[in-house]
Amino acid sequence: MIGACGFATWRAIRTAQADWAASTGTLQGYQQALRIAPSDPDLLARAAIFRSDNDDEAASVDNDLRRATQLNPVNSTVLMTLGLREELAGDRAKAEADLVRAAAVDHQFKPAWTLANFYFRADQPEKSWAMLRQTLQLNPLGFDPTPVFQLCWQEAGQEGTDDSAAAPSDAAKIAAVIPSGTMSIQYLAFLMRTHRTEAALAAWPRALAAPEASASPAPAAVTAFPDFLAAAGRVPEAIKTWNELVERGIIHSGHLEPARGASIANPDFRYPLESHVFGWRLTDVPGVFASVAPGSLDLEISGDEPMAFQLLTTNAPLRPATRYRLVWKVDASSLNSPRDLGFAFQIVEQDKAATACPPLLSTSPPACEFTVKDPNKGGNALAAINLGYTRAQGTVRVSGTLHLLSVRLELVQ
């Protein structure tokens, strides 16, 4: 027993010495560690991988990697390193065998991803698509799928970010390997980041149907999709997706129906402010604070605000070549200057043409008329409705609370 204990102690000391030598992370350190513990499979693997990573093409590296796989057949890192070296040497059969083994013993992202890339480089699309599908079926929160999505588009022969010329069959082939649920939302986010509008529209129904889309808070890719479409000039589709989000309770707002004159999503401030394209958005202005009660947006102004600033904005989808009237209800009785001429709306259309409305607090009736141009040749136009303030020279700073009760757009017959 004493002898056994002494041997165990000696072995523990030798292992500690080898680990200390290897911890330097240098070739000399690994060589010293292997002299101390030449049969340690982990040290043998780490030393061989270190040499390979530092462009050592010697056959002894391959021999050490093969010996390490014999000592530890489930070390996927060794198998991947050996497989990639065999590929570089031109032996694709051995490379595939080792990379397949790596993916079989280790069901994490890197082995599957490495094998998918191998098949892509080897021009074996059927095997590549199968591995891409397998890779994307791994834990969707365990890795960033962006490189996998990019490889899908490369495998489909569409490497650029403009999908306007992509064949629908290519997008469909990619969509077929995207799992439902979280991954479908991550794919939508990727398509938005890479400005692939057509593919994003095709991917939208699956992303919206994912249970995760209705989480609280909802994923940013879901709630920002109407913004993405509006920025791409796809206003009708932006309206449709906005209404779908409203119907599912993901966005709390009213519906939009420009054809019937419903162009402001929250005209009576019945809903909370939304930081998205068709919601009312507050500008961060020093000295101005906002609160929303059902039926009123209360803007508290401290008197320390700048000379000129924008308070509030939203976007309204409009019928082209149509005349509109913007009307509002406001309670300024809590301001120190209830007839202050500094508050005013401005309507800015897509071509940057602007309509400056009369002062908010001195117009009778409170209204502003304008005619929409036809920049989209029959499609919905998009106009920004901005509420700003400019203090006249020589006047006191405004202070108190402005109660904004409603802002509506009416069709002028």
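Before counting anything, here is how the pieces get their names: helices (H or I, at least four residues) and strands (E, at least two) are DSSP runs, numbered from the N terminus. By that rule, the protein chain has 15 helices and ten strands. What you have open is a predicted model, where local features need pLDDT of at least 70, side-chain atom pairs count only at pLDDT 80 or more, and totals for chains, interfaces and linings use all residues. Residues are numbered from 1 along each chain as its sequence is written, and side-chain values use heavy atoms, with hydrogens and water left out.

**Stop 1: the whole chain**

Show the surface first. The protein chain exposes about 20200 Å², and carbon and sulfur atoms supply 54% of that area (accessible areas come from the Shrake-Rupley method with a 1.4 Å probe, and for residues only the protein chains shown count as cover). Of the 413 residues in the protein chain, 48% are buried; buried means under 20% relative accessible area, exposed over 50%, and partly exposed in between, with a 1.4 Å probe and protein chains only.

**Stop 2: the sheet**

Now select S2, S3, S10, S5 and S8. In that order, S2-S3-S10-S5-S8, these five strands form an open sheet with antiparallel pairing (two strands pair if DSSP finds at least two bridges between them). Which strands stand at the edges? They are S2 (288–293) and S8 (367–371); each has a single partner strand, so one side of each is left without a neighbour in the sheet. From one strand to the next, the twist averages 25° (axes are lines fitted to C-alpha atoms, for helices over the stretch in contact, and angles run from 0 to 180 degrees between N-to-C directions).

Zoom in on S5 (residues 323–335), which pairs with S8 in the antiparallel sense over five bridges. Here Leu 326 stands opposite Cys 368 in S8.

**Stop 3: the disulfide**

A disulfide joins the two, S to S 2.1 Å (the cut-off is a pair of cysteine sulfur atoms within 2.5 Å). The structure holds one disulfide. Cys 357 lies in strand S7 (residues 354–359) and Cys 368 in strand S8, so the pair ties together parts that are eleven residues apart in sequence. The link of Cys 357 and Cys 368 is left-handed, with -80° about the S-S bond. Are these cysteines buried or exposed? Both Cys 357 and Cys 368 are buried.

**Stop 4: two helices side by side**

Select H12 (residues 197–209) and H15 (residues 235–247). They pack at an angle of about 5°, and their axes are 12 Å apart. H12 and H15 are therefore roughly parallel to each other; angles under 35 degrees count as roughly parallel, over 145 as roughly antiparallel, 65 to 115 as roughly perpendicular and the rest as oblique. Show side chains: Leu 201, Trp 204 and Leu 208 of H12 make the contact with Glu 237, Thr 241, Glu 244 and Leu 245 of H15 (contact means heavy atoms within 4.5 Å).

**Stop 5: a buried threonine and a leucine**

Go to Thr 135 in helix H8 (residues 125–136). Thr 135 has a relative accessible area of 0%, so this residue is buried. Leaving out residues up to four places away in sequence, Thr 135 touches Phe 109, Ala 112, Trp 113, Phe 143 and Val 148.

Finally, pick Leu 71 in helix H4 (residues 59–71). Leu 71 is partly exposed, with a relative accessible area of 42%. Use the distance tool on Leu 71 and Asp 42: C-alpha to C-alpha they are 8.9 Å apart in space, and 29 residues apart in sequence.
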